[in-house]
Every structure is written in C-alpha cells, then in structure tokens.
Amino acid sequence: MENILQEIGIDNYIYLATLLFCIGIFGVLYRRNAIVMFMSIEIMLNAVNLLLVAFSTYHQDAAGQVFVFFSMAVAAAEVAVGLAILVAVFRNHNGIDIDNLKNLKG
Amino acid sequence: MDILIAIAGLGIICLVAEIFNLRKAIVPVTVAGLLGVLAFVGAKIFSKNPDILGLGFDKEPYINMIINDKFALSFSALFILLTAFLVALSPEFHKNHKAKLSDFVAIKLFLLTGAIAMISFSNLSMFFLGIEILSISLYILAASNPKDVKSNEAGMKYFLMGAFASGIILFGIALIYGATGSFNMLTINAMDREALPSWYNIGAVMLTIGLMFKIAAVPFHFWAPDVYEGSPALSTATMSTLAKVAAMASFFKLITTLNPHLPGFLTTINIIAVLSMTIGNLMALKQTNVKRMLGFSGISHAGYMLLAFQFRDLTFAQGNLFYYAFAYTLAGIAAFAVVLYVSSSKGNEEVYSFNGLGKTKPLMAAVLTCALLSMAGIPIFSGFFGKMFLFNQVLDKGRMILVVFAVINSIIAVGYYFKLILAMYSKESIENKEDNNTVPFVYSAVAVIAILINIGIGLCPELILQLMR
C-alpha cells in the first residue's frame with residue numbers, strides 16, 4: 001500500500017480529490033434539479049472521504065479512516081433529512097425543480 | 001462530556017414520555033432538567049476541580065475530544081438557558097399540533113447537544129459532529145411546517161446551503177489533517193506554523209468560508225433572510241439566537257486555535273465584518289416583514305461579533321464576545337416572544353400587524369421596545385455595553401477606522417428599530433378595538449424574564465465578564 005502511494009504521490013491524490021470536489025461544487029451551482037444537486041453534494045463529501053483516506057495512509061495514522069466513518073454516517077443522516085424535505089416540496093409543487101421555489105424575495 | 005450525556009438523555013426521555021402518554025409532563029420536565037444542567041454547569045465554572053461528579057469524564061482519554069475550559073462552559077451555560085426559553089415557548093406555539101410536541105422539544109434538545117459539542121471541542125471530529133448535529137436539527141425545524149409552501153422553500157434552501165457549507169468545512173478539515181497528521185487541536189496548535197505545508201492555510205481558509213455561511217456573514221448571507229422569513233417563527237427564533245451564536249463562538253475558538261499565519265487574513269475578516277454590518281443594516285431599512293428584518297439585523301450583529309477578532313489579550317476578547325452574544329441573544333428571545341404572540345394572533349409578521357400594540361398590549365409593546373433598544377445599543381440595556389466593550393477592544397488594538405464604521409452602522413440600525421417602535425406607539429390598530437384575546441402566560445413570562453436578565457447584565461456587566469478570567 002505504501003509503495004503504491006509513493007509511486008503515485010500524495011500530490012496526485014490531492015489533485016483528484018480537488019477535481020471531484022469542484023465537480024460537486026459546479027453541480028450544486030449550475031444544476032436545477034434537486035436530486036442532481038443532492039448527488040453533487042454527495043460527490044463533494046466523497047471527494048473529502050477519498051482525501052482523508054489518502055492522507056491517513058500517507059501519515060500512517062488510523063484517525064483519518066475513523067473520521068471517514070463519521071463523515072459517511074453524517075452524510076447519510078443529512079441526505080435522509082434532505083429527501084424528506086424534498087418529498088414535502090414535491091407534494092406542494094408537483095415537481096422538484098429548484099426554480100419553482102420563488103415565494104421568498106425582497 | 002457529562003453535560004452532553006445529560007442533555008441527550010433528556011431528549012430521549014422526551015421521546016419516551018410521548019410513548020407512555022405523559023405529554024403534559026414533557027415541557028415542565030425538560031425545562032426543569034435544563035435548569036438543573038444549567039446549575040451543574042454553573043458549579044463547574046466556579047469550582048476549582050471541574051470534575052464534580054468524580055466520573056472521570058474530564059480526564060484522559062476524554063480530554064482529547066472535549067475540553068471544558070471557561071470559554072466552553074460559559075457558552076454552554078448560555079446555550080442551555082436559551083434552549084430552556086425556547087422549549088418553554090414551544091407548547092403554546094405548537095398548540096394546534098399537540099401530537100408533534102415531543103418531537104419538536106427533542107429536536108431542540110439534540111440541537112443543544114450539537115451546539116455544546118461544537119463549542120467545547122478539542123478535536124476536529126467532535127467539531128464536525130457538533131456542527132452537523134446542529135445543522136441537521138435546524139433543517140428539520142426550518143421545514144417543520146410541511147403543508148406551508150414558504151416553510152418548504154426555507155427548509156430546502158437552508159438544506160442546500162448548509163450541506164454545501166458542510167462540504168467546504170469537511171474539505172478544510174481534511175486539508176488540515178493532511179498538513180498536520182492529527183485532528184487534535186492541542187497538537188495542531190503546538191506545531192510550528194512555518195514548517196507546515198501550504199495546504200494548512202488553504203484548509204483554514206476553507207473552514208472560514210464554511211463557517212461564514214453558517215453565521216451568515218456578508219458575501220455568504222444570501223440564504224439567511226429567505227430562510228428566516230419562511231421558517232415557522234419559533235424556528236426563526238432558534239436560528240437567529242442559538243444557532244448564530246454557537247457558530248460564531250466556535251468560529252472564534254477555531255480560528256484562534258488554528259492560528260493560520262496568512263498575510264491579510266485578519267484584514268479580510270475586518271472587511272467582511274464591515275460589509276456585514278453595512279449591508280445587513282441597509283437592507284433591513286426597507287423590510288416590511290419583521291422576521292426578515294430581524295434576519296438582516298442578525299447579519300449586522302454577526303458583523304459586530306466579527307470585530308472580536310481584533311484583540312490584544314485573548315481572554316478579554318473571549319469575555320467581550322461572550323457578553324455581546326449574551327446581550328444579543330436575550331434581546332432576541334424577548335423580541336421573538338412578542339413576535340410569536342403577534343404572529344399567532346394576527347396571522348402574519350408584517351410591520352402593520354404591530355400597529356397600536358402599545359395601547360392594546362402595553363406589556364408586550366414595552367418588552368419589544370426594550371429588546372429593540374438593546375439591539376440598537378441604547379444605554380442601560382446590555383446591548384450598549386456589549387458594543388462598548390467590543391469597540392474599546394478594537395480601539396485598544398489601534399483599528400480606529402473599524403470603530404468609525406461600526407458606530408455609523410449603529411446609527412443606521414436605530415432607523416429600522418424605531419420604525420417598529422413607532423408603529424407600536426404612534427399608529428392606530430387597523431383592526432377593531434375589541435380584540436380581547438389575552439397574551440398567553442408563557443409568552444409574557446419568557447419575554448419579561450429574558451428582558452430582565454438583559455437589563456440585569458447591563459447594570460452589572462462584571463458579573464458576565466469575570467466568568468472568563
């Protein structure tokens with residue numbers, strides 16, 4: 001495992017994670033479908049998980065991998081609440097397009 | 001750790017009490033339990049040995065996760081007090097949904113555990129868990145009126161923004177872990193800043209951006225007014241008092257412990273503080289919805305609290321921040337108790353609904369006036385002293401220009417606070433005179449107690465300031 005990490009280099013892991021994170025950010029900013037936005041947020045969180053695991057191996061320290069479990073559990077709880085809100089929105093608006101939510105302005 | 005266990009246990013008791021048909025006991029038991037925990041925290045603050053119960057929670061290995069210094073304990077006490085007020089307000093607010101009462105109370109208690117975890121963290125994983133528990137509870141509270149289109153929208157916007165901010169915070173934590181190889185704040189704080197790779201500073205900046213979202217400071221504030229307006233009024237009260245101060249205090253603790261050596265970092269925070277004050281106040285001037293107005297006012301108060309980063313002596317800065325937060329949140333609770341009454345009796349929170357309140361409900365109008373004067377920073381109310389201590393601290397550091405901006409902004413703020421006060425005292429009620437619905441007892445009790453504490457700490461500010469020393 002260490003040899004692979006040394007061969008690839010920690011830098012490339014950081015670039016990959018940053019790339020995935022940016023894909024997630026642009027997904028949240030530019031897509032208008034709520035489910036796709038949720039998926040983009042998940043990509044952001046998973047990019048961080050990847051980075052944490054890479055750093056954990058790099059430092060030979062298990063704490064980073066334990067943190068990934070926390071972050072996965074939290075992400076699951078978060079998305080469960082998000083989907084519940086989405087169901088409520090769907091019942092009132094008959095759709096999940098974010099652009100329909102325009103009642104609050106000023 | 002024992003505080004967290006006690007409060008989480010209280011939340012579970014709430015849920016179990018509903019199963020055993022003890023609905024009437026939920027709120028009294030919870031408020032009594034919270035006051036008990038508050039007394040326990042107070043004893044911890046003042047005693048030499050904080051491990052009162054002898055359970056060993058404050059020793060190794062727990063000390064790596066939770067640190068019970070005076071800063072954390074004082075803010076925990078403030079959060080517990082605020083939650084006790086918010087829980088006391090809930091049975092009257094949810095009187096049409098009695099079956100859901102235990103859920104709302106339990107969610108508020110879990111929110112409190114999150115707030116305490118994120119203020120007393122000594123490990124970044126505890127901080128992350130705390131901020132997520134706080135945020136997830138708030139998403140539920142914001143969307144807690146599923147039939148209402150506005151509440152849906154508020155919940156959805158808050159969720160998307162909050163989850164986005166959490167992602168950025170998490171990325172910052174990962175970079176800091178990568179740079180230091182540890183999540184422990186004490187280890188990180190002891191490291192040599194110059195020897196760390198550049199990711200460390202990038203991580204600190206990303207944490208800053210994520211927390212700016214949570215406290216709604218200006219470039220990242222756009223969600224706040226919409227969410228404040230759309231959420232049910234009690235959830236708005238929770239967000240604008242408890243959640244804002246929790247995020248602000250942990251932001252302060254995080255940045256002072258991480259201590260990133262970046263040129264221009266503090267300058268950026270100052271610019272953000274000035275922008276938050278100015279834009280928050282200017283936008284609040286033209287609002288007609290009181291919840292939305294208080295949302296913008298909350299943005300400007302976040303700006304004032306960001307001034308605390310200009311300090312010579314950390315302990316003094318912590319004390320000043322705590323005092324300001326105490327004054328602001330108690331005024332907020334008092335104001336929202338009145339807003340809850342008006343919105344339940346008139347059905348909305350527009351400014352014209354407050355017309356004539358000074359004649360029909362003089363007590364409520366007086367409390368709201370005091371709360372708004374405290375937020376505006378008029379003497380004898382603690383808001384004035386909070387501002388004074390913060391401005392003094394900034395002057396002491398030699399940042400004259402910041403204080404000039406802050407004082408100008410305090411003057412602008414008087415404008416919109418007096419719009420509401422004028423509506424209450426100088427305009428006639430638009431409805432017929434004989435609306436004889438009495439003010440529910442809890443609303444007036446909470447409003448009066450909160451404003452009395454506010455005036456009390458204004459009269460003897462040393463009481464609060466010395467907690468940190």
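Q: Where does UniProt place the "transmembrane region" feature in chain A?
A: The unreviewed UniProt entry puts it at residues 12-30, 35-55 and 67-90 of chain A. Positions follow the numbering used here, feature names are shortened, and annotations may be inferred rather than shown by experiment.

Q: How is the numbering done, and what kind of model is this?
A: Residues count from 1 along each chain as its sequence is written, and chains are lettered from A and ligands numbered from 1 in the order in which they are written. The model is predicted: local features need pLDDT of at least 70, side-chain atom pairs count only at pLDDT 80 or more, and totals for chains, interfaces and linings use all residues.

Q: What percentage of residues 67-90 of chain A is helix?
A: That stretch is 100% helix and 0% strand, with its end C-alpha atoms 34 Å apart. Helices (H or I, at least four residues) and strands (E, at least two) are DSSP runs, numbered from the N terminus.

Q: What do the buried residues of H4(A) pack against?
A: They pack against helix H3 (34-59) of chain A, plus helix H5 (124-142) and helix H6 (149-180) of chain B. Among the buried ones are A:Phe67, A:Ser71 and A:Val74. Buried means 20 or more other C-beta atoms within 10 Å of a residue's own, exposed 12 or fewer, partly exposed in between, with C-beta atoms placed from the backbone.

Q: How far is B:Ser231 from B:Ser151?
A: They are 80 residues apart in sequence and 4.9 Å apart in space, C-alpha to C-alpha.

Technical notes: Two residues are in contact if their C-beta atoms, placed from the backbone, lie within 7 Å.
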